[in-house]
Amino acid sequence: MSARGRYPLIVVGAGHAGCEAACIAAAMGVEVALVTMSLDAIAQMSCNPAIGGLAKGHLVREIDALGGIMARMADGAGIQFKMLNRARGPAVWSPRAQEDKAFYREIVRARLERTPGLNLLQAQVTGFLTRQGRLHGVALKDGSEVECDAVIVTPGTFMNGLMHVGDRTVAGGRVGEAPSRGLSECLAELGFRVLRLKTGTPPRIHRDSIDFTRMTEQPGDDPPRPFSHFTRSLDVDQIMCHLTHTTSATHDLIRSNLHRSPLYTGKIRGIGPRYCPSIEDKVVRFAEKASHQIFIEPEGRRTHEFYINGLSTSLPEEIQLRMLRTIPGLEEVEMIRPGYAVEYDFVPPTQLLPTLETRAVGGLYLAGQINGTSGYEEAAAQGLFAGINAALRIQGRAPMRLGREEAYLAVLIDDLVSKGTEEPYRMFTSSAEYRLLLRQDNAIDRLLGRARELGTLDADDLALAEERIAERGRATRLLHTVKINLEETVSRSADTDETHRGSTRSGRDRAPNEKPDASTLAHLLCNGSLSLEALLDRTELADLARETLESAAIEVRYEGYIRRQRREVERAVRYENLQLVDSLWEEPLLELSREGREKLRKIRPGTVGQAARVPGVSPADAAVLVIYGERERRRASLAATPS
Ligand SMILES: Cc1cc2nc3c(=O)[nH]c(=O)nc-3n(C[C@H](O)[C@H](O)[C@H](O)COP(=O)(O)OP(=O)(O)OC[C@H]3O[C@@H](n4cnc5c(N)ncnc54)[C@H](O)[C@@H]3O)c2cc1C
């Protein structure tokens, strides 16, 4: 066996998880080898040409605040920017950007190549080298080996990947790319449970064969807002997306061909993503719906290839084309590539510690789709977290743990390692019990301190982040000090439309000679007399960036709710941090329910909070766990008291 040298850290797979893991570890000063099967597929978007979306956008901004790259790359290759969910409360506003896929790959690769301490290697990892349960390297397909202290495995949908179109199956992790062989078997030999999942993708079509006049335009926001806290300005010529829909003819065609879909013939064993169903699943599960929305999105600026969001399918190719031509605007469409489903191996994530290191093998970390998630953003978030913790381990520093009240990233990791997943997991705002604290607009406030401790932001970025936080503080002070006279405002703008007047009305009539009292902007925001839109147009605040003012206004307007959530956090954190030693799970634990005992012994959580969230643990079990935790705390404090 020839040795290919040694690196403290090896990352397997340059997808969204692997790129974040390698970059952040290198930023922390750890030498990294990023080994991937094709350097031309670095950061490839296997499916939709977009970053962000509901709750996913929150993850991207948290990755950014901690020093990760996805948000910056999304700004660099972004071709349309939108804030989703604006019609609902600010806790669920979510940034999303359409991306030029080819350019995104290009700028990520350029970023990796100019990252000091990050070494790119084109090779396939086929196994792990261990000695007495400790990992010390990886084996490559060409028979060589690379020694290391830690490995982060991020193989995505490639482990024994198998693609399906109708009754055709092809081995591969993604169209045109070979599967990854050997890793699943090696993990199984090391004692890991390895199961099967599936996901799918829609056909791609030719721009010149689309009749956009029969669709509804879907423009980006004006002005567009950058994803990254460190993008000072965004000067982008935004492209248009379009909206159309399936018809009863589409649904009839699908229903009469279900027997030819591998999903329904039983050929596909893996469980698919509930919240990203194929169009076959939609037609079967929501039979009462007359149509389903379909978004037509360009794959980039310099290609005529278009993506059909919402039409993932593995029906036979000829059926896919007939199906497309039942959709308004696609009557003459030409299909460039068929949609397909891909099955792949994954490792149930309850086999991981909260640092994403595996329980069974020290120094072996798993991140991304291999842990049962689906989505570029969920993968990138795990890659960042595993990269940070692997680097800390190599540097002999304490691991990073985040609380569910600090970040969606923490919710993601905790859900995976405490609850596990039987189907592809994706993030939702409803997954976070403290979502009003975890808004997309305050990620930098929540995580800047962590980034400073880790050293993952350079001096310029730190200065810019502190400048933005200071600016927000100034905006908040102005909201509490600037006073306005509502009547004067209303009379001065008497000719404004009803909507504007409605937003500044004081809400009560006044005696003719009674002097209208002035109120602060904060007061008017809180009692609903002043809308967020009206506030953003006030001249007194004209020198503040809209995003800064908006974030300050949200904090002011929802102050009461935020204070209540912080009190809930204080109560929960008391138990959250009650430690449970690993030896506890060997005890009889007769006070716990049988199911709670079984589940807890399998997952072996380290804190009462994590234990209480394990599925099958009842509130009565949780109360017993608090007693165990308190007992442990007393033992620890006695042991620490000098005799
Ligand atoms: C057909 C398809 C449809 C999808 N549809 C959706 C969707 O609708 N919505 C959604 O959110 N997500 C979807 N995904 C999933 C999305 O692509 C993944 O969530 C995301 O890319 C996962 O990132 P990752 O870093 O874990 O893995 P990937 O991005 O898949 O990257 C894995 C990388 O590891 C490399 N690799 C694998 N094994 C080895 C090895 N042994 N040695 C060296 N390198 C290796 C691969 O070449 C690849 O570059 C889809 C994926 C596919 C393939």
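User: Before we start, what does "partly exposed" mean here?

Analyst: A residue is buried under 20% relative accessible area, exposed over 50%, and partly exposed in between. One thing to keep in mind: this is a predicted model.

User: Why is Y561 called partly exposed, then?

Analyst: Y561 has a relative accessible area of 47%. That value falls between 20% and 50%, so Y561 is partly exposed. Y558 gets the label too, with 24%.

User: What makes Y558 and Y561 an aromatic pair, and what makes the pair tilted?

Analyst: Ring centres have to lie within 6.5 Å, and these are 6.1 Å apart. The planes are at 45°. Stacked needs under 30 degrees and edge-to-face needs over 60, so this pair is tilted.

User: How many aromatic pairs turn up in the whole structure?

Analyst: The search finds 2.

User: Are F212 and F306 buried or partly exposed?

Analyst: One of each. F306 has 6% relative accessibility, which is under 20%, so it counts as buried. F212 has 24%, so it counts as partly exposed.

User: How do you know that there are 0 disulfides?

Analyst: A search of the whole structure finds none. A disulfide needs two cysteine sulfur atoms within 2.5 Å. Take C19: the nearest cysteine sulfur, that of C23, is 6.6 Å away, so C19 is in no disulfide.

User: Which label do C19 and C526 get for accessibility?

Analyst: C19 counts as buried at 3%, whereas C526 counts as partly exposed at 44%.

User: What makes you say that a charge sits over the ring of W93?

Analyst: The charged end of R86 is 4.3 Å from the centre of that ring, and the cut-off is 6 Å.

User: Why are helices α12 and α13 called roughly antiparallel?

Analyst: Their axes cross at roughly 150° and come within 11 Å. Angles over 145 degrees count as roughly antiparallel, so α12 gets that description relative to α13. The crossing is left-handed.

User: Why is helix α3 described as largely enclosed?

Analyst: Because 7 of its 8 residues are buried. Among them are M70, R72 and D75.

User: What stands out about the backbone at A55 and N160?

Analyst: Most residues other than glycine have a negative phi. A55 has a phi near 65°, and N160 has one of about 55°. A55 lies in the loop between β3 and α2, and N160 in the loop between β9 and β10. Both values are under 20%, so both residues count as buried: A55 at 0%, N160 at 13%.

User: What kind of peptide bond runs from D222 to P223, and how do you know?

Analyst: That bond is cis, with omega near 0°. Most peptide bonds are trans. P223 is in the loop between β14 and β15.

User: Where is L578, and why is it called buried?

Analyst: L578 is in the loop between α19 and α20. Its relative accessibility is 4%, which is under 20%, so it counts as buried.

Methods:
Residues numbered from 1 in each chain as written. Predicted model: local features only at pLDDT ≥ 70, side-chain atom pairs only at ≥ 80, totals over all residues. Heavy atoms only, no water. Buried < 20%, exposed > 50% of the residue type's maximum accessible area, 1.4 Å probe, protein only. Phe/Tyr/Trp six-rings, centres within 6.5 Å; stacked < 30°, edge-to-face > 60°. Lys NZ or Arg CZ within 6 Å of the ring centre and 35° of its normal. Axes fitted to C-alpha atoms, helices over the stretch in contact; angles between N-to-C directions. Helix = DSSP H or I, 4+ residues; strand = E, 2+ residues; numbered from the N terminus. Parallel < 35°, antiparallel > 145°, perpendicular 65-115°, else oblique. Left-handed = near helix turned anticlockwise from the far one by under 90°.
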